[in-house]
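Please look over the structure below before reading on, and keep it in view while you work through the briefing, which takes the topics one at a time.

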Amino acid sequence: MELKVPYSKTGMNINIPDENMIKVLQSKAHDFKSRLSEGEIVKQALDNPIGSEKLEDLVKGKKSMVIITSDHTRPVPSRITLPIMLKEIRNSNPDIDIKIIISTGFHRPSTREELVYKMGEEIVDNEQIIMHFSTDEQAMVKVGTLPSGGDLIVNKAIIETDLLIAEGFIEPHFFAGFSGGRKSVLPGVASAKTIMYNHCSEFIDSPYARTGNLKNNPIHRDMLYAAQSVNLDFILNVVIDKDKKVIGAFAGDVKEAHEVGCEFVTKLSKVDKVDADIVVSTNGGYPLDQNIYQTVKGMTAAEATCKDGGVIIMISACNDGHGGQSFYDSVANASSPSEILEKVRKIPKDKTIPDQWEFQILARILEKFTVIMVTNLCDPNMIKDMHMKHAHSFDEALKMAFDIKGKNSKIAVIPDGVSVIVK
């Protein structure tokens with residue numbers, strides 16, 4: 001069988017012997033077609049909100065409002081969504097003061113170039129835009145306590161307004177269950193302290209903190225509580241295909257609309273697991289496969305369908321390196337994945353360190369599986385230092401995997417590991 005899978009900006013052709021191949025696990029979102037245009041999909045969602053008044057009614061009589069939107073790391077098509085929302089808002093209330101806050105979470109601030117690419121020059125030049133800095137304590141205010149016991153500290157801008165709304169997108173998420181909805185607040189515009197607490201080792205270890213699951217998920221529970229506590233009045237969340245085109249939109253109440261959107265994503269993204277000796281996965285190509293940090297997400301899809309002791313072949317460019325010095329150091333300086341897990345599980349909730357969740361999940365995978373990283377765009381020694389094997393080509397990786405598991409190994413392929421829910 002020959003397949004072309006995502007890799008950097010070019011893709012990669014791979015060949016797998018027919019006698020070894022058992023299944024290709026692929027999201028149906030890639031082939032989903034809507035009879036409506038992207039703008040029409042968004043407008044229809046705004047006209048039919050779930051569990052909420054229409055946006056045009058919510059803004060009536062309000063003096064000020066804040067719109068939370070995502071940063072440069074998320075492919076939310078704000079060029080489409082924001083102009084439609086802003087038009088509806090100003091048609092209903094021309095004098096309302098609107099601020100747009102960029103929900104960076106724990107990421108670096110977005111550049112002007114990145115904002116223009118995301119939402120267009122007209123919005124960047126003419127709207128009031130606030131950049132969230134999670135470590136700027138002067139910009140924060142404590143508004144309560146999370147169900148888990150941590151302080152709920154958020155950006156003052158979302159509290160000091162008459163109306164708070166958010167836009168985002170919904171996709172499977174490797175420990176929050178799904179992106180979108182409540183994530184605009186936590187981690188989006190929360191303090192670093194609150195984010196760290198929410199991403200603690202105990203929660204990451206929970207069997208409920210997995211891709212495509214919200215029920216009993218302790219990370220989701222805290223996130224939803226945070227969004228409801230700050231009165232997030234309305235959301236617009238879209239679902240996108242592999243070309244980043246809108247194929248679905250859901251507006252209204254932060255819990256109800258988000259859950260309906262998650263059901264839509266589940267129908268498209270859920271694939272049945274198989275028992276494979278070797279699993280081939282990717283991180284969806286550019287921009288998500290630029291570093292090892294992000295590539296952990298694609299590994300979790302493979303983890304869900306690989307037999308214990310099996311081999312995961314990750315096709316990911318990693319041209320930007322490891323993706324975080326503390327992430328790299330925490331893995332490379334440990335003698336084994338088991339040592340990493342032993343250390344991280346002893347870290348109290350209120351002492352969570354940056355990137356802890358990422359190296360904890362990587363260690364969880366490395367403890368059970370051999371991971372072979374396929375890339376010709378980064379330093380092989382860096383990969384080896386992080387307790388993984390390296391191959392310059394897929395053929396080389398497959399030979400290594402056969403040497404480990406045998407020539408009769410059963411192989412599953414996940415062409416886009418970040419787009420599927422494997423159950």
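## Briefing on the predicted model

In this predicted model, the largest nonpolar core has 73 residues, and the members that touch the most other members are Ile158, Val185, Ile292, Leu362 and Met388. Helix H13, which covers residues 356-368, gives the most to this core, with seven residues. Domain 1 (1-24 + 273-420) and domain 2 (36-266) both contribute residues, and the core therefore lies between them.

**Cores**

- Isoleucine 292, one of the residues of the largest core that touch the most other members, is in contact with Cys318, Gly321, His322, Phe327, Met373, Met382, Ile383, Met386 and Met388, when residues up to four places away in sequence are not counted.
- There is also a second, separate core, which has 34 residues, among them Met85, Ile98, Met131 and Leu163.

**The open sheet and its helices**

- An open sheet is formed by six strands, which follow the order S6-S5-S4-S9-S12-S13 and have mixed pairing.
- Strand S6 (128-131) and strand S13 (246-252) are at the edges of this sheet, and because each has a single partner strand, one side of each is left without a neighbour in the sheet.
- On average, and with direction ignored, neighbouring strands of this sheet are turned by 20 degrees against each other.
- In general, the strands of a sheet pair through backbone hydrogen bonds, and this pairing is either parallel or antiparallel.
- Strand S4 (residues 64-70) and strand S9 (residues 163-169) run parallel and are joined by four bridges; methionine 65 has leucine 163 in S9 as its bridge partner, and this leucine is also included in the second core.
- Helix H1 (residues 38-47) packs on the sheet, where it touches strand S12 (234-240) and S13, and the direction of H1 makes about 20 degrees with that of S13.
- Helix H9 (residues 256-269) also packs on the sheet and touches S12 and S13, but the direction of H9 makes about 155 degrees with that of S13.

**A loop residue**

- Glutamine 138 is found in the loop between S6 and strand S7 (140-145).
- Is glutamine 138 buried or exposed? Its relative accessibility is 67%, and since exposed means over 50%, glutamine 138 counts as exposed.
- Glutamine 138 and asparagine 155 are 17 residues apart along the chain, and their C-alpha atoms are separated by 9.1 Å.

**An annotated region**

- An unreviewed UniProt entry places the feature "domain: Lactate racemase C-terminal" at residues 271-422.
- Over residues 271-422, the chain is 39% helix and 21% strand, while the end C-alpha atoms are 5 Å apart.

Terms used: Residues numbered from 1 in each chain as written. Predicted model: local features only at pLDDT ≥ 70, side-chain atom pairs only at ≥ 80, totals over all residues. Heavy atoms only, no water. Pairing = 2+ DSSP bridges. Helix = DSSP H or I, 4+ residues; strand = E, 2+ residues; numbered from the N terminus. Axes fitted to C-alpha atoms, helices over the stretch in contact; angles between N-to-C directions. Contact = heavy atoms within 4.5 Å. Core = buried A, V, L, I, M, F, W, Y, C linked by side-chain atoms within 4.5 Å. Buried < 20%, exposed > 50% of the residue type's maximum accessible area, 1.4 Å probe, protein only. Domains from an automatic or database assignment. UniProt positions renumbered as here; feature names shortened; annotations may be inferred.
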